[in-house]
Amino acid sequence: KGLAVAGAAAATAVTALVSKSVGAFADYEQLTGGVETLFGAGGRSVEEYAQSVGKSVSDIQGKYDSLMSAQNAVLENANKAYMTAGMSANEYMDTVTGFSASLISSLGGDTNKAADYANSALVDMSDNANKMGTDMESIKNAYQGFAKQNYTMLDNLKLGYGGTQEEMKRLIKDASKIDKTVKANDMSFGNIILAIHAIQDSLDITGTTSKEASTTIQGSFASMQS
């Protein structure tokens, strides 16, 4: 009787695990499609991409290669996000696709630069949550707001700045004194990401997630779960 109960419990657990695995992979496929659309060529081959824009393969080869480079960078960053950002690949891609259209636009369509900025933003989000104890969803909402020029949730980051446009301007100006790549009067989303990174770096917040993943039990467990 005991073996029968144990066997039934094991069968239930395996069924649940298989169900979750299939569901997670289905989400992964859909999210990968989003990354391909935003950063790559929408999953098209070079020939298909050339046909879609009405040009020859030789004319668009450079552009296509650039898009594939950006797409692969995002996917690679997603696959190692459990170490760098304390997120699963799915959570990483879901967060990135939530604001990347605005980010790419603010960077003049440069998808490779957008891939770098997006990764920096996600690592900064996780580091802030770990160091400042802020709820991750609140931080995600803040960044999605910044992408839409809404600064009311800037105080969610607990960096000493209130939730107003004037306070965001002050953050950017302060950041420009720390990091010369930050433009003092630029309110674009890309520049905001650079500015927040500079401020967090100056407060020794940068790298918290990665460090905890390799040096603490709690951080290692969180990384394993991701």
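A residue is called buried when its relative accessible area is under 20%, exposed when over 50%, and partly exposed in between (1.4 Å probe, protein chains only). This is a predicted model, in which local features need pLDDT of at least 70 and side-chain atom pairs count only at pLDDT 80 or more, while totals for chains, interfaces and linings use all residues. Residues are numbered from 1 along each chain as its sequence is written, and side-chain values use heavy atoms, with hydrogens and water left out.

In H7 (residues 136-147), the buried residues are Met136, Ile139, Lys140, Ala142, Tyr143, Gly145, Phe146 and Ala147; helices here are DSSP runs (H or I) of at least four residues, numbered from the N terminus. Their cover includes helix H5 (89-106), H6, helix H8 (165-178) and helix H9 (189-202).

## Helices H3 and H6

The axes of helix H3 (residues 57-79) and helix H6 (residues 111-132), which are lines fitted to C-alpha atoms over the stretch in contact, with angles from 0 to 180 degrees between N-to-C directions, come within 8 Å and cross at roughly 15°. H3 is therefore roughly parallel to H6, a term for angles under 35 degrees.

With contact taken as heavy atoms within 4.5 Å, Ser66, Leu67, Ser69, Ala70, Ala73, Val74 and Asn77 of H3 meet Thr111, Asn112, Ala115 and Asn119 of H6.

## Positive phi in two loops

Most residues other than glycine have a negative phi. Lys158, in the loop between H7 and H8, has a phi near 55°, and its 42% relative accessibility makes it partly exposed. Asp204, in the loop between H9 and helix H10 (208-215), has a positive phi of about 60° and counts as exposed because its relative accessibility is 55%.

Notes
Angles under 35 degrees count as roughly parallel, over 145 as roughly antiparallel, 65 to 115 as roughly perpendicular and the rest as oblique. The expected span of a helix is 1.5 Å times one less than its number of residues.
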